[in-house]
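I opened my notebook to look up a sheet and a ligand site. My notes follow in the order I took them.

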Amino acid sequence: MKTAEFFAENGYTSPIDALNTPAQHTFNVKGKTHILDIFAQRGQTQGLASMMATWMLDRPHWSDDDLGFYPVKQRLIQGATGEDDSVFLVDVGGSTGHDLEKFLVRHPFDSFPGHLVLQDRAEVIKSIPENGLKSGIRATAHDFFTPQPVQGARTYFLHSIIHDYPDDRARLILKHIARAMKKGHSKLILWDFVLPEKAVASTLSALDWEMMSFYAASERSESQWKTLLEDPEIGLKVNGIWSYSQFDQSVIEAELA
Ligand SMILES: C[S@@+](CC[C@H](N)C(=O)[O-])C[C@H]1O[C@@H](n2cnc3c(N)ncnc32)[C@H](O)[C@@H]1O
């Protein structure tokens, strides 16, 4: 990456446009191509999916009630109502489904009502082999910058999504989900890093740097998350944040205010 050159040419200020970052500078596509489209054009979409799945191997999973992480049974399963055709959880930008597969190991289908939905870009969904997902997981192509087609699900889950975007783009994704949520029933679950206000571990600072270089985005602290989610235009309130350790991502639960 030609990061030093990018900063020298841009007055050493943080990028704020996802089409003008060190990534576009490096690939000479300033103002034209988002980093994910660069990956897609280079045939690296599957590489990103397998990198995300490999990165999470053997890490604590957000749905590990038994580790004392986020209490799924108490906060999502209890009180969930619905017919067989209702949706218990939508994994928005869920790649090829590795988080849903892990969720089902911990919470099998007979432990909650309804089914699971996997959404991602069309090329990612197409890359899933036939019968590659457990039955009961419905995989659909969906662009999260457009209105959310699944209305009134119990849970909208986003793992490592919002940290890829600066606030304006993040607000758009969150607004579309908030419009689909049912008050008093739907919950938004974000699984992302929540940085301490001070003394951030160097591994997390490195991730913050990566988000800036690829996406003009950043990792967020608790107060930054709350400001984003509780923006009146989005209309959410944060119910709580559950953390396992500083080196793992935290679970942020929100619902319509
Ligand atoms: C950093 S990965 C996270 C994947 C998965 N949630 C995980 O944690 O392993 C970002 C995901 O968002 C998907 N994505 C990017 N832009 C999207 C869009 N506009 N609509 C839907 N999915 C998108 C990517 O294809 C990718 O699977």
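I began with aspartate 91 and asked which residue is its bridge partner in E4. I found phenylalanine 157. I noted that this is a predicted model.

Next I looked up how strand E1 and strand E4 are joined. E1 covers residues 87–92, and E4 covers residues 155–159. Three bridges link the two strands. They run parallel.

Then I turned to the whole sheet. I counted seven strands in it, and the sheet is open. I wrote down the order as E3-E2-E1-E4-E5-E9-E8. The pairing is mixed. Which strands sit at the edges? I noted strand E3 (137–141) and strand E8 (236–242), since each pairs on one side only. On average it is 20 degrees, with direction ignored.

I checked what packs on this sheet. Helix H8, residues 167–180, does. I listed the strands that H8 touches: E1, E4, E5 (187–192), E8 and E9 (250–256). The direction of H8 makes about 165 degrees with that of E4.

My next page was the ligand. How many residues are around it? I found 19. Gly93, His98, Asp120, Asp143 and His159 come nearest.

I then looked up backbone N or O atoms beside nitrogen atoms of the ligand. For glycine 93, I noted a distance of 2.8 Å. For phenylalanine 144, I noted 2.9 Å. For histidine 142, I noted 3.3 Å.

Last, I checked the confidence scores. The protein chain averages a pLDDT of 93. I saw that 100% of the residues score at least 70. For the complex, the predictor gives an ipTM of 0.99 and a pTM of 0.93.

Note on methods:
Residues numbered from 1 in each chain as written. Predicted model: local features only at pLDDT ≥ 70, side-chain atom pairs only at ≥ 80, totals over all residues. Heavy atoms only, no water. Pairing = 2+ DSSP bridges. Helix = DSSP H or I, 4+ residues; strand = E, 2+ residues; numbered from the N terminus. Axes fitted to C-alpha atoms, helices over the stretch in contact; angles between N-to-C directions. Contact = heavy atoms within 4.5 Å. Near = heavy atom within 4 Å. Polar contact = N/O pair within 3.5 Å; in protein donor to acceptor, adjacent residues only side chain to side chain. pLDDT = per-residue confidence, 0-100.
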